[in-house]
Amino acid sequence: MFRARSLLPWIRSTLKTTQKLQADTSKFVGRRLEFLERTYPTLSGQDYRGMATGGEASKEQSPKQANRLISSKSPYLLQHAYNPVDWYPWSEEAFEKARSENKLIFLSVGYSTCHWCHVMEHESFESSETAAIMNKYFVNIKVDREERPDIDKVYMQFLLMSKGSGGWPMSVWLTPDLAPLVAGTYFPPKSRYGMPSFGAVLESIAEKWRTDKESLMQAGSTLLSALQKNQNASAVAEAAFEPGSAEAKLSEAINVHKQRFDQTHGGFGSEPKFPEVPRLNFLFHGYLVTKDVDVLDMVLQTLDHIGRGGINDHIFGGFARYATTKDWQNVHFEKMLYDQGQLMAAFANAYKLTRSETFLGYADKIYQYLLKDLRHPLGGFYAGEDADSLPTHEDTVKVEGAFYAWTWDEIQAAFKGHATRFGDMSPERAFEIYAYHYGLKPPGNVPAYSDPHGHLTGKNILIVRGSDEETCSNFNLQAEELEKLLDTANDVLHVLRDKRPRPHLDTKIICAWNGLVLSGLSKLANCGTAKREQYMQAAKELLDFLRKEMYDPERKQLIRSCYGVAVGDAILEKNESHIDGFLDDYAFLIKGLLDYYKASLDLSALRWAKELQETQDKLFWDDLNGAYFFSQQNAPNVIVRLKEDHDGAEPCGNSVSARNLTLLSHYYDEEAYLERAGKLLNFFADVSPFGHALPEMLSALLLYENGLDLVAVVGPDSPDTERFVEICRKFYIPGMIILHVDPLHPDEACNQRVQKKFKMVNGKTTVYICHDRVCRMPVTDPAQLEENLMANFFTERV
């Protein structure tokens with residue numbers, strides 16, 4: 001969500017002007033999404049057919065003819081390139097057509113792995129009858145929300161303000177001046193339960209535009225002015241943070257999270273359940289500040305349930321976007337890159353606090369999934385994989401979960417067909433143990449209420465309702481025997497599954513999300529395991545990719561996205577007119593660079609972070625009121641610049657920036673960074689409850705107010721120095737910065753004050769740990785250093 005101090009009264013006033021329009025369109029604008037959700041089960045059996053990824057062509061459009069989207073690079077736009085709809089990309093050509101022909105714009109926003117986007121495409125956009133209405137009355141524009149989040153966020157804000165909730169596909173009708181008039185999400189092809197058909201909605205809006213254009217233009221102009229006025233909202237002076245504010249906000253946030261915590265299944269609230277990693281990051285930090293073990297238990301239990309749940313791809317690795325049941329069993333199967341990067345970091349942090357190999361295993365399987373299924377050969381990572389796929393190569397209708405779910409007989413046959421893989425254990429016994437461990441049932445284990453389409457009838461989703469210990473006890477196994485059996489069985493099923501038709505792969509490479517993966521890889525590398533060099537190699541190749549392919553060194557600006565073709569294919573494409581990076585691209589990549597520096601002590605990464613921060617400040621900072629806008633000033637055809645004030649599936653750019661600025665101020669000993677962080681935090685100080693809406697920003701506020709932990713490792717570049725650094729990296733310390741003070745190369749230091757202050761003791765590599773510029777006694781013994789850190793930053797509670 002975004003700042004809406006001055007906007008809400010204007011919205012309410014302006015919506016009164018458009019109430020007649022809403023009535024004329026069968027009141028579809030005012031219908032709540034909850035009502036729409038109740039109609040979804042009626043769509044059972046009406047699955048979308050394959051588009052760009054193959055499938056049966058619609059009888060209404062054979063042979064197909066390409067529209068303007070065929071020249072796009074976006075996988076989502078290319079999925080619609082053969083619709084009979086006269087689609088335009090977001091472009092001046094489309095806007096000029098709307099102005100010259102005095103037509104409304106129909107804006108459809110989605111993304112290529114969105115299930116309901118596929119459904120609406122098949123039902124409406126592939127229909128020549130519906131397309132004829134759209135082409136006659138509207139200028140139709142398609143936008144990939146991942147490619148143009150600035151457009152998506154502006155009109156999603158209108159949808160949220162007018163209806164109270166939103167989602168994708170997002171459907172918005174705009175004036176030729178781009179002011180929103182009417183918004184919704186999915187519309188059915190035929191009227192259901194009093195909901196108008198999409199065709200009826202189109203006809204009604206077109207008729208209203210023809211007969212009462214002046215009132216609509218006035219309403220649009222008023223709303224546009226309100227949206228633009230809101231971008232000048234200032235901070236609320238009375239809410240500004242004072243010394244001690246962080247402690248009060250922390251207490252408030254912990255109480256809210258305790259009230260919403262699901263004691264049985266982990267997570268917060270009821271279904272649908274998202275991982276909400278920014279919330280978990282905050283709770284880790286909150287535990288270290290308060291030492292309240294209940295806070296730590298909330299985050300560890302949540303990660304444990306996520307790891308054991310159906311949301312986890314137990315067979316190979318990676319996590320689905322969200323669970324549709326409160327116990328994390330049934331899920332929406334799309335796998336998004338931003339979730340993988342964040343969860344990899346969260347599980348790595350859980351390992352650092354507990355040394356639980358289980359958490360480390362979940363993080364490592366994400367790494368394996370990323371490298372095999374989402375990686376471009378040059379080092380970047382693709383956006384994600386779809387939830388839907390063809391059940392077999394002979395099928396033409398895609399269904400959700402077809403790639404991931406299994407029948408009882410399929411798994412049983414796989415065990416029998418690979419009996420030799422299980423050594424001395426019979427395939428029957430191996431299957432019995434496997435079925436018990438993952439909750440498999442002959443008729444399937446998916447609750448019918450969570451599967452309205454019936455796609456998963458008779459199917460099983462792997463979920464661990466017990467534990468390794470329970471399975472071992474039940475079958476008289478040693479832990480090593482169970483681990484070997486599960487690894488073998490999952491490998492067998494993985495090979496068989498790879499022969500199925502794969503879900504659609506969105507080969508878009510997004511700068512911001514790759515920044516999150518850079519953080520995840522760096523944090524995983526810092527766990528001090530035998531695979532550190534592998535993780536670091538992947539991180540380095542990713543960093544090199546981002547610098548070479550997603551950065552313009554002449555302008556010193558980031559590029560939002562580039563495009564691959566497939567896993568293993570080195571082709572890389574870019575838009576003819578590239579899309580500049582947005583706030584999240586800078587904030588997330590700077591965070592990734594700071595985490596990578598901690599993992600590598602590569603000063604070039606730290607310097608690039610500083611350079612990007614300077615560019616971010618120039619492009620997005622609000623000099624008048626503080627905080628960062630999401631989009632650049634004077635961005636063409638963006639009607640308003642917004643400031644996001646909510647940490648959701650991803651943290652918002654301002655939350656991450658508050659942390660980045662605080663860390664950079666200490667790395668470079670520059671007070672200006674800290675001053676900017678203070679102005680940013682105060683701009684959002686009136687958000688309530690602060691730590692629930694902005695948990696990642698509250699974590700940054702704790703660092704800003706309580707100070708950081710500086711680790712100065714003084715010594716030449718040597719194995720001894722590296723050993724000390726590795727010890728420090730192994731612990732979860734959210735405010736830790738590491739500086740290598742090399743006496744042999746003093747001019748290379750980024751912080752000259754630290755370089756000059758700290759010296760080696762008795763010619764030995766020496767570590768100084770300081771909090772808020774107050775230092776403990778220097779340490780020259782690695783064992784003593786680890787003992788000190790264990791006492792302060794480790795817990796045996798799992």
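This is a predicted model: local features need pLDDT of at least 70, side-chain atom pairs count only at pLDDT 80 or more; totals for chains, interfaces and linings use all residues.
Residues are numbered from 1 along each chain as its sequence is written, and side-chain values use heavy atoms, with hydrogens and water left out.

**Exercise 1.** Work out in which order the five strands of the open sheet lie, and which strands are at the edges.

Solution. Start with the terms: strands are DSSP runs (E, at least two residues) numbered from the N terminus, and two of them pair if DSSP finds at least two bridges between them. Next, read off the order, which is β1-β3-β2-β4-β5, with mixed pairing. The edge strands are then β1 (87-89) and β5 (180-184), as each pairs on one side only. Now zoom in: β2 (residues 104-110) and β4 (residues 170-174) run antiparallel over five bridges. There, Phe 106 has Trp 173 in β4 as its bridge partner.

**Exercise 2.** Find the salt bridge partner of Arg 502, and decide whether each of the two residues is buried or partly exposed.

Solution. A salt bridge needs a side-chain nitrogen of Lys or Arg within 4 Å of a carboxyl oxygen of Asp or Glu. Arg 502 pairs this way with Asp 373, the closest N and O atoms being 3.5 Å apart. Then check accessibility: buried means under 20% relative accessible area, exposed over 50%, partly exposed in between (1.4 Å probe, protein chains only). Arg 502, at 32%, is therefore partly exposed, whereas Asp 373, at 7%, is buried.

How values were computed: Helices (H or I, at least four residues) and strands (E, at least two) are DSSP runs, numbered from the N terminus.
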